[in-house]
Amino acid sequence: MGKPNRYSPEVRERAVRMVLEHEREYGSQWATIRSIAEKIGCAPETLRSWVRQNEQDQGIRPGLTTDERQRLKEQEREIRELRRANEILRKASAYFAQAELDRRPK
């Protein structure tokens, strides 16, 4: 399981919206992010990553969207589970094959 999020989705959305709305008032997007991050009590780098993810979700910036990231995580988890199950079946098959060879004929 992943770590719990410290900030609610509403706080994230509001912070990103504030950055986009007030970007013109500052010299750069980074200056806007630093100012707003200080106001909401998060690290500027955290807010920057939220803004970048929002830009990817909107198609403004290349990269995986939030939905694509979630689907990729689920597929990777499923692959791990299938590999684990295959390994168990492979070992069980080898065990039973060996047991069959070791069995003495009557």
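User: Is R69 buried, partly exposed or exposed?
Analyst: R69 is partly exposed, with a relative accessible area of 37%; buried means under 20% relative accessible area, exposed means over 50%, and partly exposed lies in between, using a 1.4 Å probe and protein chains only. Please keep in mind that this is a predicted model, in which local features need pLDDT of at least 70 and side-chain atom pairs count only at pLDDT 80 or more, while totals for chains, interfaces and linings use all residues. Residues are numbered from 1 along each chain as its sequence is written, and side-chain values use heavy atoms, with hydrogens and water left out.

User: And where does R69 lie?
Analyst: R69 lies in helix α4, which covers residues 66-102; helices here are DSSP runs of H or I with at least four residues, numbered from the N terminus.

User: Which residues form the positive surface patch?
Analyst: The patch is made up of R69, K73, R77, R80 and R84. Patch residues have over 30% relative accessible area and no salt bridge, and like charges are joined within 9 Å, whereas nonpolar side chains (Val, Leu, Ile, Met, Phe, Trp, Tyr) are joined within 5 Å. Lys and Arg count as positive, Asp and Glu as negative, and His and the chain ends are not counted.

User: OK, new topic: how many salt bridges are there?
Analyst: A search of the whole structure finds 5 salt bridges, each being a side-chain nitrogen of Lys or Arg within 4 Å of a carboxyl oxygen of Asp or Glu.

User: What does E45 pair with?
Analyst: E45 forms a salt bridge with R48, and their closest N and O atoms are 2.5 Å apart. The two are 3 residues apart in helix α3 (residues 44-58), so about one helical turn separates them. E45 is partly exposed at 42% relative accessibility, and R48 is also partly exposed, at 25%.

User: What about R90, which residue does it meet?
Analyst: The side chain of R90 meets that of E87 in a salt bridge, at 2.5 Å from N to O, and both residues lie in helix α4, 3 residues apart, or about one turn of the helix. R90 counts as exposed with a relative accessible area of 52%, while E87 is partly exposed at 32%.

User: Is E55 buried or exposed?
Analyst: E55 counts as buried, at 10% relative accessibility.

User: Going back to R52, what does Q29 do there?
Analyst: The side chain of Q29 makes a polar contact with the side chain of R52, at 2.7 Å. Q29 is found in helix α2, which covers residues 29-40, and is buried, with a relative accessible area of 15%.

User: Last one: how far apart are E81 and A99?
Analyst: E81 and A99 are 18 residues apart in sequence and 27 Å apart in space, taken from C-alpha to C-alpha. E81 is found in helix α4 and is partly exposed, with a relative accessible area of 45%.

Conventions:
Accessible areas come from the Shrake-Rupley method with a 1.4 Å probe; for residues, only the protein chains shown count as cover. The place of a charge is taken as NZ of Lys, CZ of Arg, CG of Asp or CD of Glu. A polar contact is a pair of N or O atoms within 3.5 Å; within protein, one must be able to donate a hydrogen and the other to accept it, and residues adjacent in sequence count only if both atoms are side-chain atoms.
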